[in-house]
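Some labels for a structure rest on cut-offs.

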Amino acid sequence: MTPRRIETLYRICWTVALLLLAVPFVFPFLWMISGGFKSTTEIFGAPTLIPRVWRFENFAEVFAYQPFARQYFNSLYIAATVTVLTLFIASLAGYALARIRFAGAGLLMLFLVMALMVPEEVTIIPNFFLIRAMGLIDTHWPLILLPVFGPQGVVATFLMRQFFLALPRELEEAGKMDGLSRFGVWRKIALPMARPALAAVAIITFLHSWNLFLEPLIFLSSLDKFTLPLALSNFNDSYGLPLWNLQLAATSLAVVPILIIYLIAQRQIIESFALSGVKG
Amino acid sequence: MAGTASRDNAARQPGAPWLTLKTREMLEAWLFVSPTFIGFLIFFLGPLVAIFYYSMTEWNLLSQQATFVGLRNFENALLENPDFWHVVRNSVIFALGLVPLNIALALSLALALSRPFFGVVFFRTVFFAPVVTSAIAWAIVWKFMLQGEGGAVNQMLAWIGIDGPNWLREPNWAMAAVIVTRVIKMVGLNMILYIAALQSIPRDYEEAATLEGASRWQVFRMITWPLLAPTTLVIMVLTTIGSFKVFDHIYQMTGGGPENGTLVLAFYIYQQGFKFFNVGYAAALALIMFAIVMALTLVQVMLRRRDME
């Protein structure tokens with residue numbers, strides 16, 4: 001065989017291996033959607049990928065079983081709020097840490113690195129009592145405050161700082177000459193240039209909040225305050241056994257929109273994670 | 001620094017702004033970082049100090065009062081409570097299973113997908129998709145697929161003549177199942193980090209070695225792998241820490257069962273603190289977990305440093 005043909009053969013082998021390997025990554029999504037359309041009898045019968053009877057009522061029952069629309073909205077608005085707050089706070093702090101030499105900056109950086117190293121499980125117990133003392137149990141406040149000021153916010157601050165460090169200073173200097181205040185420089189010159197970093201921070205922050213589980217589990221008790229992951233884990237019958245078809249239908253409703261956005265913007269999303277992973 | 005300050009002072013004239021440039025800069029900087037800093041004090045530093053105190057108290061559920069008990073909770077965990085060592089053992093098994101599997105798979109995928117070929121974007125997209133999916137959703141679907149009877153996994157195994165176990169009802173199989181499904185969920189992240197690292201290695205090195213007659217394996221062993229060492233260290237540290245923190249996945253798939261077979265440290269802390277309200281004991285556990293995570297990080301960094309010398 002010529003080297004060229006060996007190379008082709010090699011390629012084909014690799015592609016087949018990759019396709020096989022892809023099955024456990026793709027199949028769960030297909031199975032989830034298909035399960036969401038099945039009847040209870042079919043769920044427990046011999047499994048087929050295409051439901052024998054398409055049961056669309058599942059999706060109506062999802063909304064009847066719990067205030068699912070309200071829970072969906074909760075997740076959306078909490079994730080949006082966390083994202084906006086994080087962008088604002090992290091870009092302010094990241095900018096100062098990158099551009100201004102001030103007393104205490106080194107110490108602050110050290111503290112922030114520390115915040116990254118400590119697992120959330122360590123601070124969640126005292127935070128629970130703090131939130132309770134503030135009277136914010138069973139509200140959405142802890143789901144906003146803890147991520148914004150927790151490790152996720154720190155990662156965002158570092159990402160922003162890193163990005164500002166790599167930006168040329170000249171434009172900002174010019175802005176200062178034109179009489180802009182420090183805040184004006186940040187707002188009118190630095191932020192517009194930082195769009196790629198802001199986008200990356202927005203993506204990882206939104207997804208982190210959207211998928212958050214421990215905090216909602218600990219802080220929320222009323223059904224209409226639940227966020228999606230908590231709501232999903234709550235589709236059980238009176239014996240605590242899962243109502244599979246409803247649970248899978250609800251899970252599909254929660255996962256598919258994110259997947260579609262991911263498929264459209266996969267390049268940008270993957271890059272954002274790569275950026276934050278290297279930093280973290 | 002001192003030079004700038006004295007120049008500022010000299011330049012200050014009557015009627016000039018009251019603050020020197022340097023002080024103003026500093027005030028501005030602190031204004032910029034103040035939301036981050038205040039949040040850090042309230043939701044991180046405060047709790048971090050408090051947990052040391054909590055870990056030395058015992059809580060009375062009825063009166064909501066804390067009694068100081070010294071190191072009693074640590075004694076209880078380390079010396080008396082058999083659950084604790086069982087839980088640590090589970091966490092170690094989980095990490096020992098997950099970390100090598102995750103890294104080996106991530107590296108293989110990255111090697112296969114770091115260079116452009118037809119379908120490379122498709123494969124990257126596929127292998128990364130579970131990373132953006134909620135762990136709860138992922139665990140729900142896998143729990144559904146891993147049912148003993150009528151589960152999709154056992155159905156597929158039956159096609160090739162294997163009689164699959166009741167995965168999530170037998171402790172050892174359940175542990176294997178949570179490890180593997182967690183690897184599938186998270187491997188995309190490490191794959192991406194490896195791909196980025198591979199793409200930053202200049203192609204000349206590998207080409208030169210190939211010209212000199214090195215085999216693919218030799219090129220990988222002698223050139224690629226050593227150049228990836230810093231990335232591997234970061235990935236190892238992050239993945240190990242992540243494996244000790246795993247919670248939602250276990251919560252949804254097994255609830256720590258069967259027979260506490262998948263009861264790992266993070267889940268145990270949640271159980272003790274928020275279900276049984278053994279707040280002091282849970283706080284002690286959280287600190288032990290923190291110590292384990294720090295120790296593991298240090299060991300890995302030190303091993304790697306010795307390696308490189």
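**Values against definitions**

Reader: What makes B:E259 count as exposed?

Author: B:E259 has 11 C-beta neighbours inside 10 Å, so B:E259 counts as exposed. The model is predicted: local features need pLDDT of at least 70, side-chain atom pairs count only at pLDDT 80 or more, and totals for chains, interfaces and linings use all residues. Residues are numbered from 1 along each chain as its sequence is written, while chains are lettered from A and ligands numbered from 1 in the order in which they are written.

Reader: Where does B:E259 lie?

Author: B:E259 sits in the loop between α12 (248–253) and α13 (265–275) of chain B. Helices here are DSSP runs (H or I, at least four residues), numbered from the N terminus. Phi of B:E259 is near 50 degrees, a positive value in a residue other than glycine.

Reader: Why is B:F277 called partly exposed?

Author: B:F277 has 14 C-beta neighbours inside 10 Å, so B:F277 counts as partly exposed. B:F277 lies in the loop between α13 and α14 (279–308) of chain B. Phi of B:F277 is near 55 degrees, again positive in a residue other than glycine.

Reader: Where does the kink lie in α14(A)?

Author: The kink, about 30 degrees, lies at A:V255, shortly before the proline A:P257. The bend is the angle between axes fitted to the seven residues ending there and the seven starting there.

Terms used. Helices (H or I, at least four residues) and strands (E, at least two) are DSSP runs, numbered from the N terminus. A residue is buried if 20 or more other C-beta atoms lie within 10 Å of its own, exposed if 12 or fewer, and partly exposed in between; C-beta atoms are placed from the backbone.
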